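Here are my notes on this model.

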Amino acid sequence: MNLFYIVFAPMIGALIPLLLRRTSRPVKTIATIAIPISCILVAWPLAQQTLAGDIPTAIQQWLPNIDFDLAFRLDGLSLLFVSLILGIGVLIVLYAHYYLSSKDNDSRFYACLLLFMSSMLGIVTADNVLLMWAFWELTSISSFLLIGYWYHQSDARRGARMALATTGAGGLALLAGLLIIGHIAGSYQLDAIFAAKDAIQAHSLYIPALILVLLGAFTKSAQFPFQFWLPHAMAAPTPVSAYLHSATMVKAGIFLLARMHPALAGTEFWFITVTLIGLITMLVGAYFALLKHDLKGLLAFSTVSHLGLICMLLGIGSQAAVIAALFHVINHACFKAGLFMTAGIIDHEAGTRDMRKLQGLLKFMPITATLAMIVTASMAGVPPFNGFMSKELFLDQALNQHLFGGLSWFVPVLATVGAALSVAYSIRFIHDVFFNGGYKELPKQPHDPPKMMALPVLILSLMCIIIGLLPMLTVSGILNQAVSSVVLDNITVKLALWHGFNLPLLMSAVAIVGGIVIYSQRDQLFTFNRQFEGQDAKHNFERIVQSICDSANKLFTYIDTGSLQRYMALVLISVIVLVIPQLFEIVTLEGSREQLPVDFVSIVGASVLMVAGFATAVLHRHRFIMLMMLSVVGLVVSLSFAHFSAPDLAMTQLVVEVVSIILMVLALFFMPQKTARASTGHRVFRDILIASLIGGIVATLNYGILTSDFETISDFFIANAKTGGGGTNVVNVILVDFRGFDTLGEITVLAIAAAGIHKLLNKLKPFMPSSDIDGRPWHRIKHPLMLTNVANLILPMAMVVAVYIFLRGHNLPGGGFIAGLIAASAMILQYIANGVDWVKERFNVNYQSLMSFGVMIAALTGVGSWFFDRPFLTSWFTYLKWPLVGKFEFATALLFDLGVFLTVIGATMMILSNFGKMTTRHRPRQEGN
Amino acid sequence: METLFSVTVGVLTACSVFLILRGRSFPVVVGITMLSYAVNLFLFSTGRLTIDGAPILGTNTEYADPLPQALVLTAIVIGFAMTAYSVILAVRTRGEIGTDEVNEQDSGESSR
């Protein structure tokens, strides 16, 4: 469980600075810094276990069917990275406290930093590669937020976007690679993958998987040719840069190489790719570092270079090389974090980081200068600092590899060149800033920073010295376990500052002398490089992104023309194109089912239906006639339901038909009465063609279905309707009992539609004609006497019928839907006949409440069954003896149906009465009524 | 009978598709409504055609398939809600934009 705390405490703790938004910065800083410190305290006992050779683990099942568990482990490698992430994290928070200006939003900064910390901790402790990948993506996102922290600056936004695009793309490649590996190994757990090493490497997908994983690692670690994003990430606040470059983010790629080392390394492909890429990156990074005038730019490329060095060592992959690699991870983290903080201090106190403007700062910033010299010396690999030792080990490994046969000598030569460049840019960092003549005018009068701001740098530089002098006391324990978990063997590391006079020492000396020479000749190098300027990675990247956006836009404007006609035509044409080939596959369409004989009534009905359908389409420019024709269609549809043994459907259709035609006539009042002839003959022809094809397809399919035999699943419903549901009308029992949950959903949809319409009608400015289409004014008698009287007569009868239909619904055709619609149409008739005012005086019901009440009754009926330990919506029924009436069945389903009934009335009335009010003075005028 | 039924459904579908392809909102709404009738008939017919077999227990020996009927019953009501919504959307659009064209106007403010 403690492992969970280490990973998730910073994630949840990210809320703390946000909650403390209104407090002062010291409070926030203390609260924030307490989180990694508490993690360190929790990790301490676990670390003792790890150092003793155990591997503490914690597992919580998450998605077991895809082998995706919350599994964490703290082996040596994890411990090494956890210490760096937490240890340097604490220093970063302390540093940021002083670095951020009072205008910066420090809560957001701390929150993002903690989130980032958590995701890094997740990567390094994950015991499941899918989990590791999830955290991997989380670092991409949280680093995006951190790099883009000053989002008002365009280069911060651009840098953040570039980092996200590059590492995000790499992350996707990594996922693919990990999925392949997991598939081969049969598990995503690390131990299972390590155990399946031989199977993985023998598999035909090994190379693709390896390439995909390496893409993930190389993009994250800014290895050639993906090194371009890292320098642009410099737009981040310096504490972020310091963290990203030393202990986190770019180190995640290195961690991945080390983590997958036991499963993937050892093949020729791994050796050559990883070593060469590392070597190239080291040289390219070092070269560009020398050319940068910006302090942070120099440091960024130097990070690229050092990561290349580590990557190369992991490529060589021998035990000693792994020791050197992991040792350099520690050393690099110490000196690079210190260097970035120094650069930040100089920027903060002198107002610029441009080395062409800075010089002679030694007398103004003596403390900073001293600390800077220590960490820089470590970076340059000068004894007795820690950087020297790992560089010695590196040169030794470069000498002792034989990966390239007869050409292997070029590796140590190039390694020495790289080391020399490293010395040169280190000298530049110190000499240009602190020496190089007297003080020049700067934006600010430079001075040493507050003591506490220099404290993190002091701690880091002390680390550089102590690790350099006493490596066996300080880091050998953790390195033993870390290397053991990479090479899967128990080993003991031996580190010493002094290895005697040997070839690596000579190479170091050559590198230092070479570095001094290169630095002294730097002007020629600048002149040489000027020819290549203008080829900025940023511009190339932006150009590629821009061209992708442009082509996406083109495609989009081609598809999205804003024409509904076009969309519909495209959709329908695709249906035709997709379905017709499938229809060709059918050999005989007609099934074996015995067909019904054609009767006279059906012929009449079908003819009327078709003629009315045609008329609706043909007469569409005379809208009122079109509506009349539509109502004929609806009516005949209702009759055909009745004819084909569906009385419930027939009734529903009939009432819905009435209500919808009233609605459409009402709508027509606000719409043009006629449609101008707009479509060209060409267009009409195309539409007729599409329509006929679609109609043909539908008819074909329908014929195929109708004539083929089938096995119904309804026998169950027929058999159980009476015994289980207590009703003989199977359709109604299905609606309120068997499939009650569906019905609940459907009345909810109805209610939502009604609410949506209510909202649409708000503030509606309808187009109100004052006369009919021929210019005749509306009749002054709004409520004709005959209609009023008939309506008043019908209302009580309709209500009685509705109640009757409702009550009998369980056993005979009827039920809540139909009864609700009947009641609603009787009410609507009142509105039409007598007007809104008249109805309001007599029957003032809030339809919205009625509707909500209905949905609530239905839902509560369902919930009710929980009190009897039954699943949601279980129904129950009994027979009651009423005086006079006799035996009467009561079912909870009836209660549910009551909910349906009320919802239908409420929704229908809400739609129609609100819409009808549009024509009167009751039109809603303000939002929210 | 099956032939007659499917031809009728096909004709209804064709007519409503033609209406849906019109350039004014009102015919489109009518087209949607009629299409929902056709679709309901189609869905209903997946239970096959039966005459004199209403699924009321005790009235017949052979019953029509009740399940498609139950589904279509709710579909009719939902179809009404959809028709209502789209017709009022059409009215509102006319009120806001002043035209019932369904295609985006080049000069108008009817941007997406």
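1. Start with one salt bridge. Asp100(B) pairs with Arg623(A), and their closest N and O atoms lie 2.9 Å apart. Across the interface of chain B and chain A, the rule finds two salt bridges. Keep in mind that this is a predicted model.

2. Between chain B and chain A, 21 residue pairs are in polar contact, with both residues at pLDDT 80 or more.

3. Which helices of chain B each supply at least two residues of the side that touches chain A? They are α1 (2–20), α2 (25–45) and α3 (66–97). The largest share comes from α3(B), with 25 residues. By type, the residues on this side of chain B divide into 50 nonpolar, 19 polar and 12 charged.

4. Now the extent of the interface. In chain B, 81 residues are in contact with 114 residues of chain A. The two chains bury about 8,900 Å² between them. Carbon and sulfur atoms account for 76% of that area. Met1(B), Arg48(B) and Phe80(B) supply 9% of the area that chain B buries against chain A, more than any other three residues.

5. Chain A also has a nonpolar surface patch of about 550 Å². Its residues are Leu458(A), Leu462(A), Ile466(A), Leu469(A), Leu470(A) and Leu473(A). Helix α20 (residues 451–469) of chain A gives the most to the patch, with four residues. Ile466(A) is found in helix α20.

How values were computed: Residues are numbered from 1 along each chain as its sequence is written. Chains are lettered from A and ligands numbered from 1 in the order in which they are written. This is a predicted model: local features need pLDDT of at least 70, side-chain atom pairs count only at pLDDT 80 or more; totals for chains, interfaces and linings use all residues. Side-chain values use heavy atoms; hydrogens and water are left out. Contact means heavy atoms within 4.5 Å. Buried area is the accessible area (1.4 Å probe) that two parts lose on being put together, summed over both. A salt bridge is a side-chain nitrogen of Lys or Arg within 4 Å of a carboxyl oxygen of Asp or Glu. A polar contact is a pair of N or O atoms within 3.5 Å; within protein, one must be able to donate a hydrogen and the other to accept it, and residues adjacent in sequence count only if both atoms are side-chain atoms. Ala, Val, Leu, Ile, Met, Phe, Trp, Tyr, Cys and Pro count as nonpolar, Asp, Glu, Lys and Arg as charged, and the others, Gly among them, as polar. Patches are made of residues with over 30% relative accessible area and no salt bridge: like charges are joined within 9 Å, nonpolar side chains (Val, Leu, Ile, Met, Phe, Trp, Tyr) within 5 Å. Accessible areas come from the Shrake-Rupley method with a 1.4 Å probe; for residues, only the protein chains shown count as cover.
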